[in-house]
Amino acid sequence: IAQVEWSRKNFDASLKNFELAVELDTLPNQSHFALMYQIAQLYFMKDRFQDALDALELWFCTVPPENITSHAYVLKASINAQRKDYPETLKAIDMAIEMDEDPKESWYQLKLAAHYELEQFPEAAATLEVLISRWPDKKAYWQQLAQIYYKLGQEDKSLATMALAYRKNLLDSQGDITYLSSLYSNADVPFKAAEVLEKGIRDGVVEPTKSHWTMVAETWYSAEELQKSL
């Protein structure tokens, strides 16, 4: 009955019948443990996060260790994230990543979010480095890593990260180009600052406003490229 209700998306009815089935304690172990896990999932889906955690912890204590998968730890991490218990979130998601030969992108995203919440910026940077190594075409990761490096006072790494993203043709907005140009200026590399910004304007990525052209002129002047500045 619970499975039928589940397929009909009647999750309240499904949960009630699953609980009754488990309470009878007459099913074979494998089916019994599977139901306990589904109950934890249903609690999570119903935003009953403490109940979900309690049910999952009971499952962890009951099921044979060889039956515990990385996905169970991902569920535990997700539940703890909703409970805003970020240290426990990290413990669980790190275990999932360690256990699995091919950790999912969303797992690292959950880990990254927990590091942000705990203001663990060096650890967040390390996580972003992994994300970039595995999913190098996601611009957001390059941007986030550059911002964290800058926040940590590692301006050279921030510049290197954005410059590499630029060479990979990932920077496609005005904010991206002006930020990279400002990083070059701050690093006392005015030639590259002017070159990047002017190309952005000529390519139609950066608006050809008076302030932007003035910025180009001033950075060319700083680079002692007087003809280009003029």
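A residue counts as exposed when its relative accessible area is over 50% and as buried when that area is under 20%, with partly exposed in between. Glutamate 224, at 68% relative accessibility, therefore counts as exposed. Please keep in mind that this is a predicted model.

**Aromatic rings**

- A pair of aromatic rings is described by the distance of the centres and the angle of the planes.
- The count of aromatic pairs in this model comes to nine.
- One of them joins tryptophan 6 and phenylalanine 11, with 5.8 Å from centre to centre and 80° between the planes. Planes over 60 degrees apart count as edge-to-face, so this pair falls in that class.
- Are tryptophan 59 and phenylalanine 60 buried or exposed? Tryptophan 59 is buried, at 6% relative accessibility, and phenylalanine 60 is buried too, with a relative accessible area of 13%.
- Tryptophan 59 and phenylalanine 60 belong to a cluster linked by ring pairs, together with Tyr37 and Tyr73.
- Phenylalanine 60 also has a charged neighbour: lysine 76 lies over the face of its ring, 5.3 Å from the ring centre.

**Helices H11 and H12**

- Two packed helices are described by the angle between their axes and the distance between the axes.
- Helix H11 covers residues 174-186 and helix H12 covers residues 190-202; their axes are 7 Å apart and the packing angle is about 165°.
- Angles over 145 degrees count as roughly antiparallel, which is why H11 is described that way relative to H12.
- The crossing of H11 past H12 is left-handed.
- On the H11 side, the meeting residues are Ile177, Thr178, Leu180, Ser181, Tyr184 and Ser185. H12 brings Pro190, Lys192, Ala193, Val196, Leu197 and Gly200 to the contact.

**Threonine 178, a residue of H11**

- Threonine 178 sits in helix H11 and is partly exposed, at 22% relative accessibility.
- Which residues does threonine 178 touch, not counting residues up to four places away in sequence? They are Leu197 and His212.
- Leucine 118 is 60 residues from threonine 178 in sequence, and the C-alpha to C-alpha distance between these two is 30 Å.

**Helices H6 and H7**

- The axes of helix H6 (residues 86-99) and helix H7 (residues 105-117) come within 9 Å of each other and cross at roughly 150°.
- With the cut-off for roughly antiparallel at over 145 degrees, H6 therefore counts as roughly antiparallel to H7.
- H6 passes H7 in a left-handed crossing.
- From H6, the contact draws on Tyr86, Thr89, Leu90, Ile93, Asp94, Ala96 and Ile97. From H7, the partners are Trp107, Tyr108, Leu110, Lys111, Ala114, His115 and Glu117.

**Lysine 111, a residue of H7**

- Lysine 111 is part of helix H7. Its relative accessible area is 14%, so lysine 111 counts as buried.
- Leaving out residues up to four places away in sequence, lysine 111 touches Leu90, Ile93, Asp94, Ile97 and Thr127.

**Alanine 125, a residue of H8**

- Alanine 125 lies in helix H8, where it counts as buried at 4% relative accessibility.
- Its contacts, apart from neighbours within four places in sequence, are Leu145, Ile148 and Tyr149.
- Alanine 125 and leucine 159 are separated by 34 residues in sequence and by 14 Å in space, C-alpha to C-alpha.

**Positive phi at two glutamates**

- Glutamate 119 has a positive phi of about 55°, although it is not a glycine.
- Where is glutamate 119 found? The residue is in the loop between H7 and helix H8 (121-134), and it is exposed, with a relative accessible area of 59%.
- Glutamate 224, likewise not a glycine, has a positive phi of about 65°.
- Glutamate 224 has its place in the loop between helix H13 (210-222) and helix H14 (226-229), and it counts as exposed at 68% relative accessibility.

Key: Residues numbered from 1 in each chain as written. Predicted model: local features only at pLDDT ≥ 70, side-chain atom pairs only at ≥ 80, totals over all residues. Heavy atoms only, no water. Phe/Tyr/Trp six-rings, centres within 6.5 Å; stacked < 30°, edge-to-face > 60°. Buried < 20%, exposed > 50% of the residue type's maximum accessible area, 1.4 Å probe, protein only. Lys NZ or Arg CZ within 6 Å of the ring centre and 35° of its normal. Axes fitted to C-alpha atoms, helices over the stretch in contact; angles between N-to-C directions. Helix = DSSP H or I, 4+ residues; strand = E, 2+ residues; numbered from the N terminus. Parallel < 35°, antiparallel > 145°, perpendicular 65-115°, else oblique. Left-handed = near helix turned anticlockwise from the far one by under 90°. Contact = heavy atoms within 4.5 Å.
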